[in-house]
Amino acid sequence: MRKTEIKGSPQKEKNHGSTEFTIRSPQLKERIATRRNLNFDKKMKNSVSDRSFYIESSDDEDLEKELDNGEDDGNESDSSGLSMNNQNHKQSSSYNTAAWPKSYRKSIDMLGSVPSPSLTRFGSSFLSSSLTRRFTPEAFSTSIIKPLLSTVVDQPQKHASYSHLGPPSRRSSLSMRRDEKDNLAIDSHGLPISRHSSFGQAVANGMNALCGVGLLSTPFAMKEGGWLGISILLIFAVLSFYTGILLRACLDSKPGIETYPDIGQAAFGALGRVLISIVLYVELYASCIEYVILESDNLSTLFPSAHVTFGGFELNAHLLFAIATALAVLPTVWLRDLSILSYISAGGVVASIVVVVCLFWVGVVDNVGFHGTVTPLNLSTLPVALGLYGFCYSGHAVFPNIYSSMGKQSQFPAVLLTCFGICTLMYACVAIMGYLMFGESTLSQYTLNLPGDLVASKIAVWTTVINPFTKYALTISPVAMSLEEFIPPNHPKSHIYSILIRTALVISTLLVGLSIPFFGLVMSLIGSLLTMLVTLILPCACYLRILKEKVPFLQRALCFIVIAIGAVASAFGSYSSLRKIIEKLNG
């Protein structure tokens, strides 16, 4: 403080920065005291007297210093926490940040309708172009992380408000920034993870992944395996639920593990990541082949006399509708913004319920009846049933993404139990009803057995036809995006290459579907060769590899049993399916 004397030399006193006067004249001191007494109330109310302003500014400075110290401490703890997060992030990302495929989580989120930053919070800010453009992790990371890490700016305030209310709460701003950091989850690729899915959303996503076209073939599976073969469905349900729990343990074992390929790399290194990714992508590609066959079979049932003659070459109904299906889905495959299709395909559960209700309606209300002959056990074709039942539980590729997106991840076992319970009940009911209705004449899709003149039959067939149109692009997009990663960055013709890649994938699925148009046998081969790996074998192998000595003896033994069951079912099912496909092609 600068202390000034009216009479005498000035003195300096260390204080808080306001000016005071030492009055030695009695007359002047009295006059000043009188003035202060007269105006004391007014000055106190307006907080403008020298003394009152001095005290207030002093308190403000002390408070500011305290807040500054608190903010410094907060910044230190914030920065230490952030550095710790960065260390964990570097540790977790050291084994999978630059590894292929980088686009897996985003593409599988779209496929499984899992809340993804690009599909929910940010709308189509990143997926803005109508035609496909190549996936670049840098652009994706920048466009998504920037809004999430927006800084908090304190609003300037007038001095009077500052005097009466105190300084703006820097601690509250700091706590807001801390909360934003705490709620922001970053995966090993530097992409934000949405953790806001409720229990109901997770169940809907899980059922959408499980309830697919496999539902249509469960009566055919019972025909191939016999009445007792339904026990295989129940066994696979229990084992698949168990391996889903193992996937969760793998996800929680190390920071940064968010997807199935991440699990593969954590267990077996970069080679494990690549091999598991290839298996997952081949399974998705094969599912698209099934969609083409499915559309061809059902549309040719609706319009059996459809044909086209061109230059002496005639296209029958099967060929015509297979080609028409490929042409119809091709524009949707070119699109990068698949958010609308993602939401529509989430209605796959509703579509599954509709076809189940239609089957029940045809059997009970329309008096088709349940009078088919029943075979207890058919050992010769039981391996085909193994693959068909196994295909029903091919949702494990999506489960890690569902778990990562949940707000309350402790509910994941209950989500799995609900999904597997409801889906298994649906599968069993359809298998029993369809087999009792059509007996040994049951076809690979029970919609092909439904009487064509019934309204319920038409509803079931059209529902079956429409649903794959929304799922084809979502199913093939992960495969396409993984291939697009091999295009050089910032290539001037990258969008053309992307269109060519996606067009080639569609054409190839069409050619394979026309070459082996056996829906049930192809499904059995997929279920035996690929689904057994993804659902039973790999989760147990990764779990044992990652946790190693932490795995109890009984659980280790159970994992080996599951691996053995999966390997035996895969071997017998694949061999039987391939043998029957070759027989049909040669016959």
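Residues are numbered from 1 along each chain as its sequence is written. In this predicted model, local features need pLDDT of at least 70 and side-chain atom pairs count only at pLDDT 80 or more, while totals for chains, interfaces and linings use all residues, and side-chain values use heavy atoms, with hydrogens and water left out.

**Exercise 1.** Work out how many disulfides the model has.

*Solution.* Begin with the rule, by which a disulfide is a pair of cysteine sulfur atoms within 2.5 Å. Next take C392, whose sulfur lies 9.1 Å from the closest cysteine sulfur, that of C211, which is too far for a bond. Then take C540, which is in no disulfide, since the nearest cysteine sulfur, in C559, is 4.4 Å away. The count by this rule is zero disulfides.

**Exercise 2.** Decide whether C392, C540 and V374 are buried, partly exposed or exposed.

*Solution.* Recall the classes: buried is under 20% relative accessible area, exposed is over 50%, and partly exposed is in between (1.4 Å probe, protein chains only). C392, at 1% relative accessibility, is therefore buried, and C540, at 0%, is buried as well. V374 has a relative accessible area of 40%, so V374 is partly exposed.

**Exercise 3.** Explain why helix α4 (residues 104–112) is described as largely enclosed by the rest of the structure.

*Solution.* First, helices are DSSP runs (H or I, at least four residues), numbered from the N terminus. Second, the buried residues of α4 include Y104, R105, K106 and D109. Finally, nine of the nine residues of α4 are buried, so the helix is largely enclosed by the rest of the structure.

How values were computed:
Helix = DSSP H or I, 4+ residues; strand = E, 2+ residues; numbered from the N terminus.
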